[in-house]
Amino acid sequence: MDSLYFSHIKSLTSFYQDTLERFQLDQIIIASGTKSYYFQDDYTHPFKPYAYAQQWLPFDVEPDTFIVISNHSKPTLIWPLKEDFWHAQQNLPEGSWSDLWTIKPTRANENWADTIKGKTMWLGQDIAGLSDKFGRYDKTLAWLDYHRAYKSDYEVDLLKQANVRALKGHHAAEKAFFEGKSELDIYLDYLRTSQQTSPQEPYSGIIALNQNAAVLHYEHKQIQSPDKFRTLLIDAGAKVTGYGSDITRTFTTDNNLFNELLCKMDQIQQSLANKSIAGTDYKALHATCLTEIANLLQESQICSLSAEEQISKGITQTFFPHGLGHLLGLQVHDVGGHQVTPEGDILKPPSSAPFLRLTRKLEENMVITIEPGLYFIPMLLEKMQQSLPQHGCDMALIKTLIPFGGIRIEDNVLVKQNISENLTRNS
C-alpha cells in the first residue's frame, strides 16, 4: 500500500501543480469541512469529509483539516489540535506516508490562513469566511471534477478492498434472508459482517423484502418479518479510506417465472459489464440495456410488442426507469458524470433516459457501476395503462409478479483498453 500511495501522491501533486500553472494560481487550499448540527439541537450529523481532501490522505480525514498545495514545496497538512474532553481525540496517524508532507499541527485560535499570500483557490465548505478571502474558481473546479474520473492504482486498490468488505456483508444478508429474518435483522447482519456502522457506510444500505424491492431507494428497515418471503433486494456498499463500493444483489425463493427473469437479468448485467471498455459511449451502452430488457419482456410474454416499439412508446422504461450506472469513487455518484470536456461542457442525458448519471465516453481507469433493473412498480404500471391503451402487456401475468417487487444487479467495473475488470465479481 505504501508504494501505491506514494505513487498516487506524487502523481496527484504533479497534477495539482500543473493545474496551478494552467489557471495562474499560487495555491489551492482544500478544506475537509466542519461538523454540522441538527436543527435546534446540539447533536451533530455524521461527518463526511470533502472528497477532495480525502483524496490526498491514507486515513479517514477529520473535521477542520486543511491541505495547501503550491508549486514550491510538498503539500502541507494543517492538522487540528483540539482541547475537548467531550469527544475522543484523533491523533495524527503514524507511518511513512508523512514523508511526503509538511505537517503543521494547529490550534483553532491560530490564524494559519493569514500566512497564505498570492492568488489562492478555496475548495470545500466555507469556514469562517475563508472562501471569500481566497476565492472560488468554477473553471478550475470543472477541470478537477473532470479528471477525478480517472483512478490511480492506489484508488483502484481501495475500491477493491471496499468490494471485498461489502461482499462479505452481502453473503450474510443472503443467508439471513433464507433464514426468514426481517429487513432490520438482515441489515444488522450485513453491517456486522462487513464490519461497519451505519454512519460509516458510503450510503445507507437498502434492504428491501418482497414488494419493497420495487422502491428504488427504499429507506426503511421493517422490524417485523413478512408472512411470506419472496424477494430480497440488497443495495449496500462499504467504504475504505473514503472510497466506497456500490453493490446490488437480488435473491428469491421463487422457482418459476420471477427466478427465470432474475437469471436472465444476471446474464444481461454480465454482458453489459464486459462491454464496458475504453471508447464505449455510455449512452449507447444504456440503449443496449434497454433493448436487452425489451427482448426479455417479449420472450417472457410480459409484453407482446417488439423491442423497438416498446422503447419508442416508453414501455421498457416503465420496467427499467433509472439509468444503467454512474461513476464511482470518493462519492457513490462521483462527480463529472455529465461533464464531457475538462472545460466544463455538460451533455445532459437523453429524454429517453432522464435519470442517466453518466453521459461521457468510457476511458481507461474510470470506475463505473453497471446496474440494470427490472421492476414491477404499480404507480408506473398504472400510468402506462392510462397513457398507452395499446401497450401489449399481459397485466394478469404482471399482477402475479408485483408481489416480488423487482430485480437489480450491480457490479463495480474498472474500464480498461479492450477489456473490463469486474471489481465485484473478481474480488
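**Exercise 1.** How many bridges join strand S14 (residues 411–415) to S15? Describe the sheet that holds these strands.

*Solution.* The model is predicted: local features need pLDDT of at least 70, side-chain atom pairs count only at pLDDT 80 or more, and totals for chains, interfaces and linings use all residues. Residues are numbered from 1 along each chain as its sequence is written, and side-chain values use heavy atoms, with hydrogens and water left out.

Step 1. Strands (E, at least two residues) and helices (H or I, at least four) are DSSP runs numbered from the N terminus. Two strands pair if DSSP finds at least two bridges between them.

Step 2. S14 and S15 run antiparallel and are joined by three bridges. Within S15, Asn-422 stands opposite Val-413.

Step 3. The open sheet has three strands in the order S11-S14-S15, with antiparallel pairing. Its edges are strand S11 (367–370) and strand S15 (420–422), each of which pairs on one side only. On average, neighbouring strands are turned by 35 degrees against each other, direction ignored; angles run from 0 to 180 degrees between N-to-C directions, and axes are lines fitted to C-alpha atoms, for helices over the stretch in contact.

Step 4. Across S11, S14 and S15 lies helix H7 (residues 257–274), which runs at about 135 degrees to S15.

**Exercise 2.** Determine how H5 and H6 pack together.

*Solution.* Step 1. The axes of helix H5 (residues 153–178) and helix H6 (residues 183–194) are 7 Å apart, at an angle of about 150 degrees.

Step 1. Contact means heavy atoms within 4.5 Å. Among the residues making this contact are Arg-165, Ala-166 and Phe-177 of H5, together with Ile-186 and Tyr-190 of H6.

Step 2. The contact residues divide into seven nonpolar, four polar and three charged. Here Ala, Val, Leu, Ile, Met, Phe, Trp, Tyr, Cys and Pro count as nonpolar, Asp, Glu, Lys and Arg as charged, and the others, Gly among them, as polar.

**Exercise 3.** Is strand S3 (residues 76–81) largely enclosed or open? Trace its pairings.

*Solution.* Step 1. Five of the six residues of S3 are buried, so the strand is largely enclosed by the rest of the structure. Buried means under 20% relative accessible area, exposed over 50%, and partly exposed in between (1.4 Å probe, protein chains only).

Step 1. Strand S2 (residues 66–70) pairs with S3 in the antiparallel sense over three bridges, and a hairpin of five residues joins S2 to S3. Val-68 stands opposite Thr-76 in S3.

Step 2. With strand S4 (residues 102–107), S3 runs parallel, joined by six bridges. Arg-107 in S4 is the bridge partner of Leu-81.
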